[in-house]
Amino acid sequence: MRADDAHADLAHVLLTQEQIAQRVQELAQSVDEDYKDDDVLLVGVLKGAVMLMADLARAMSKPVQMDWMAVSSYGSGTRSSGVVRILKDLDIDIAGRNVLIVEDILDSGLTLSWLIGNLRSRGAKSVEVLCLLRKPSAVKIDVPVRYLGFDIPNEFVVGYGLDYSENYRTLTCVAALSPHIYQA
Ligand code: PRP
C-alpha cells in the first residue's frame, strides 16, 4: 500500500507525528526519573507497540533492556473477547525484576489486565504499565496505567503501530480510519 493510498482511507488525524514525539519524550523523562536508582525491563506487546517501544527506549537516557510478548485475544474484527493466549513469550526471566509493559492502546482493557496478572505471577519485583492511547471504554475499568500518553475518543484508530488488517501501522500519525473501510 502506498502512503498516499493509506491517507485516502483516513477520516481525520487525531495526533500528529510532532504531538506523539513530544509526549513520548515526556513519558521517557518520567520513566528515567522514576527508575533512576533501579533497573527496569521494557516489555513490548507485539505488534502494535513496536513504534512506541523504539521511540520510547531511545528517548530515555537510561540504558534499558527490551523484551517482547505477542498475545492474542480470541475473536476477530475490531473487538477483544477477553480470552488471551500467548503467541510469543518473553525470552528473559523477569523474576525479581522491575517490568514496564509498553502497550499502544487500552480499549476494553482485557489484554492489559490479563498481562499484568500474568507477569506478576512470574515473581517480578514490580509490574507497571506505559500506554500511549486510552479509549473511553477503558477509563471505567481498573487497569492501573502509570504512564499514559493520551485519552482519545471512541474511534477506530490506526497508525504509529496500530493496524487494521495489518495495514496502516507505518503511518507516522494516529488517525481515525474512515468507517467505509472497516464497514465494507
Ligand atoms: C491491540 C492492542 C492491544 C489490544 C488492546 O492488539 O495492541 O494489545 O488490542 O485491546 P483491549 O484493551 O480491548 O484488550 P491486537 O490484538 O490488535 O494486536 P496487534 O498489536 O498485533 O495489532
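Colleague: Where is Leu-15 placed?

Modeller: Leu-15 sits in strand β1. Keep in mind that this is a predicted model.

Colleague: Is Leu-15 buried or exposed?

Modeller: Leu-15 counts as buried, because its relative accessibility is 6% and the cut-off for buried is under 20%.

Colleague: What does Leu-15 touch, leaving out residues up to four places away in sequence?

Modeller: With those left out, Leu-15 touches Ile-20, Leu-133, Phe-150, Cys-173 and Val-174.

Colleague: And how far is Leu-15 from Leu-119 in space?

Modeller: The C-alpha atoms of Leu-15 and Leu-119 are 31 Å apart. In sequence the two are separated by 104 residues.

Colleague: On to the core. How many residues are in the largest nonpolar core?

Modeller: The largest nonpolar core has 30 residues. Leu-42, Leu-56, Leu-130 and Leu-133 have the most contacts inside it.

Colleague: Which elements give two or more residues to this core?

Modeller: They are the strands β1 (10–15), β5, β6 (126–134), β7 (147–151) and β9 (174–177), plus the helices α2 (17–34) and α3 (50–59).

Colleague: Take Leu-130. What does it touch, not counting residues up to four places away in sequence?

Modeller: Leu-130 touches Leu-27, Val-31, Leu-52, Leu-56, Leu-100, Ile-101, Val-102, Glu-103 and Tyr-147.

Colleague: Now the ligand. Which of the 15 residues around the ligand come nearest?

Modeller: Glu-103, Asp-104, Ser-108, Gly-109 and Thr-111 come nearest.

Colleague: How do the residues of the shell divide into nonpolar, polar and charged?

Modeller: Six are charged, five polar and four nonpolar.

Colleague: Which element gives the most to the shell?

Modeller: That is β5, with four residues. Both β5 (98–106) and α4 (110–120) supply at least two residues each.

Colleague: How far is an oxygen atom of the ligand from the side chain of Glu-103?

Modeller: An oxygen atom of the ligand is 2.6 Å from an N or O atom in the Glu-103 side chain. For Asp-163, an N or O atom of the side chain is 3.0 Å from a ligand oxygen atom. Arg-169 has a polar side-chain atom 3.1 Å from an oxygen atom of the ligand.

Colleague: How much of the ligand's accessible area does the protein cover?

Modeller: On its own, the ligand has 500 Å² of accessible area, and the protein covers 79% of that.

Colleague: Switching to backbone geometry. Which residues does a cis peptide bond join?

Modeller: A cis peptide bond joins Leu-46 and Lys-47, with omega about -5°. Lys-47 lies in the loop between β2 (41–46) and α3.

Colleague: What about phi of Tyr-160?

Modeller: Tyr-160 has a positive phi, near 50°, and is not a glycine. Most residues other than glycine have a negative phi, and most peptide bonds are trans.

Colleague: Where is Tyr-160 found? Is Tyr-160 buried or exposed?

Modeller: Tyr-160 is in the loop between β8 (157–158) and β9. Its relative accessible area is 7%, so Tyr-160 is buried.

Colleague: What about phi of Glu-166?

Modeller: Glu-166 is not a glycine, but has a positive phi of about 70°. Glu-166 also lies in the loop between β8 and β9. At 44% relative accessibility, Glu-166 counts as partly exposed.

Methods:
Residues numbered from 1 in each chain as written. Predicted model: local features only at pLDDT ≥ 70, side-chain atom pairs only at ≥ 80, totals over all residues. Heavy atoms only, no water. Near = heavy atom within 4 Å. Polar contact = N/O pair within 3.5 Å; in protein donor to acceptor, adjacent residues only side chain to side chain. Areas by Shrake-Rupley, 256 points an atom, 1.4 Å probe, with all protein chains shown as cover. Nonpolar A, V, L, I, M, F, W, Y, C, P; charged D, E, K, R; others polar. Core = buried A, V, L, I, M, F, W, Y, C linked by side-chain atoms within 4.5 Å. Buried < 20%, exposed > 50% of the residue type's maximum accessible area, 1.4 Å probe, protein only. Contact = heavy atoms within 4.5 Å.
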